[in-house]
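Biologist: Please show me the model, and then let me ask what the terms in its description rest on.

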Amino acid sequence: MNSEQILNGLRSVADLEHIKSGKVREMFHFTDKVMVMVATDRISAFDLVLPNDIPSKGRMLTGISKFWFQETQEVCPNHFISTRPQDFMDLEEEILEILDGRTMLIERMDPIPFECIVRGYLCGSAFREYQKSGTVNGVKLDEGLQFGDKIEPPIFTPTTKAEVGHDEPVGFEAMQAAIGEADAETVKSMSLELYDFGRRACRQAGLVLVDTKFEFGYNRRKDVCVMDEMLTPDSSRFWLNSDYTDGNRGVPYDKEFVREYLVKSGWDKEPPAPALPEEIVAELSRRYALVHDRISELKL
Ligand SMILES: Nc1ncnc2c1ncn2[C@@H]1O[C@H](COP(=O)(O)OP(=O)(O)OP(=O)(O)O)[C@@H](O)[C@H]1O
Ligand SMILES: [Mg+2]
């Protein structure tokens with residue numbers, strides 16, 4: 001079943017009003033307070049949806065997010081309610097099969113319009129900025145750092161959350177100006193605490209949690225809560241601990257694998273996005289499955 005069939009199947013669920021299609025997820029109205037979020041197998045890169053589906057990706061991401069939402073409730077409240085839609089609504093067998101494993105009932109939030117990125121290792125756009133100016137998001141780091149070096153303590157580098165197009169780095173001051181100093185401090189400290197929790201858990205799973213992006217929103221009581229997805233290979237970089245200790249930095253067990261392929265392919269990042277060859281799809285699936293399995297097997 002491909003993502004289009006999933007969406008068509010869902011549109012036939014008479015009681016659920018479709019709210020919006022994200023690049024990866026489909027959002028449905030359930031009640032004023034609750035939404036149904038369905039993760040398809042779509043993949044986006046450089047802000048465009050690619051033509052290929054990655055088999056089971058939506059299920060893997062949903063499983064990983066559920067694990068973290070349940071484990072980190074004490075660190076930060078979140079939007080998670082259930083991954084069993086059948087407990088809340090009558091569903092035909094056919095629809096249930098589509099939804100199974102890729103569906104989350106979530107508390108509807110008023111989104112905070114920033115991507116809350118935490119980095120524990122120097123790579124990606126942060127490394128490129130550091131090479132030029134010795135800074136990351138304008139903040140000076142120690143001199144002499146190499147690609148993949150640990151950043152201790154980890155740093156918070158928010159960006160805007162653009163509805164269309166690319167997200168841009170912003171200073172913490174911009175976040176303070178937009179949502180107030182107290183909430184900006186809460187978002188920052190929760191991001192750093194969640195990352196620290198994730199990094200320690202991932203180490204037990206033989207993974208390096210290199211960096212990650214969180215999204216936050218306000219619940220009805222105006223508490224800051226974490227929403228969307230959490231510590232998945234779509235929203236984070238993962239490396240293998242064994243690679244890292246062998247000095248082999250940056251072998252990506254996450255979406256970076258696809259970005260690297262696309263850059264090498266010579267694509268100019270203008271739409272339409274090219275299709276991925278079968279072997280890239282298969283290898284990406286294998287890497288996501290490894291991360292999924294290792295995280296799911298954790299006993300914290
Ligand atoms: N609890 C929530 N309340 C309100 N909106 C939410 C909640 N959880 C997630 N969202 C929003 O729902 C959408 C999820 O869809 P999806 O992840 O496909 O979006 P996207 O950001 O377009 O894609 P990508 O993550 O690939 O950039 C996002 O816009 C996200 O901010
Ligand atoms: Mg998203």
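**Helix pairs and domains**

Modeller: Helices α8 and α9 are roughly antiparallel to each other. This is a predicted model, in which local features need pLDDT of at least 70 and side-chain atom pairs count only at pLDDT 80 or more, while totals for chains, interfaces and linings use all residues. Residues are numbered from 1 along each chain as its sequence is written, and chains are lettered from A and ligands numbered from 1 in the order in which they are written.

Biologist: Why are α8 and α9 called roughly antiparallel?

Modeller: Helix α8 (residues 256-264) and α9 pack at about 155 degrees, with axes 10 Å apart. Angles under 35 degrees count as roughly parallel, over 145 as roughly antiparallel, 65 to 115 as roughly perpendicular and the rest as oblique. The α8 and α9 pair is therefore roughly antiparallel. Axes are lines fitted to C-alpha atoms, for helices over the stretch in contact, and angles run from 0 to 180 degrees between N-to-C directions. Helices are DSSP runs of H or I with at least four residues, strands are runs of E with at least two, and both are numbered from the N terminus.

Biologist: Which residues of α8 and α9 meet?

Modeller: Phe-257, Val-258 and Tyr-261 of α8 meet Ile-280, Leu-284 and Arg-287 of α9. Two residues are in contact if their C-beta atoms, placed from the backbone, lie within 7 Å. By class, the contact has five nonpolar, no polar and one charged residues; Ala, Val, Leu, Ile, Met, Phe, Trp, Tyr, Cys and Pro count as nonpolar, Asp, Glu, Lys and Arg as charged, and the others, Gly among them, as polar.

Biologist: What makes α2 and α9 roughly parallel?

Modeller: The axes of α2 (residues 57-71) and α9 (residues 278-296) come within 10 Å and cross at roughly 30 degrees. Helices α2 and α9 therefore count as roughly parallel. Residues in the contact include Met-60, Ile-64 and Phe-67 of α2 and Tyr-288, Ala-289 and Ile-295 of α9.

Biologist: Is the crossing of α2 and α9 left-handed or right-handed?

Modeller: The α2 and α9 crossing is left-handed. That word is used if the near helix is turned anticlockwise from the far one by less than a right angle, and right-handed if clockwise. The crossing of α8 and α9 is right-handed.

Biologist: Why are α5 and α6 called oblique?

Modeller: Helices α5 (residues 172-179) and α6 (residues 181-204) pack at about 125 degrees, with axes 7 Å apart. The pair is therefore oblique. The contact includes Phe-172 and Met-175 of α5, and Ala-184 and Lys-188 of α6.

Biologist: How do you know that ligand 1 lies between domain 1 and domain 2?

Modeller: Both domain 1 (3-108) and domain 2 (111-271) give residues to the shell around ligand 1, so ligand 1 lies between them. The domain bounds come from an automatic or database domain assignment. Of the 16 residues around ligand 1, Gly-22, Lys-23, Val-24, Arg-25 and Met-109 come nearest; a residue is near a molecule or strand if its C-beta atom, placed from the backbone, lies within 6 Å of it. The shell holds six nonpolar, four polar and six charged residues.

Biologist: How far apart do the C-alpha centres of the two domains lie?

Modeller: The centres of domain 1 and domain 2 lie 23 Å apart. Their contact takes 20 residues from domain 1 and 24 residues from domain 2. On the side of domain 1 that touches domain 2, α2 supplies the largest share, five residues.
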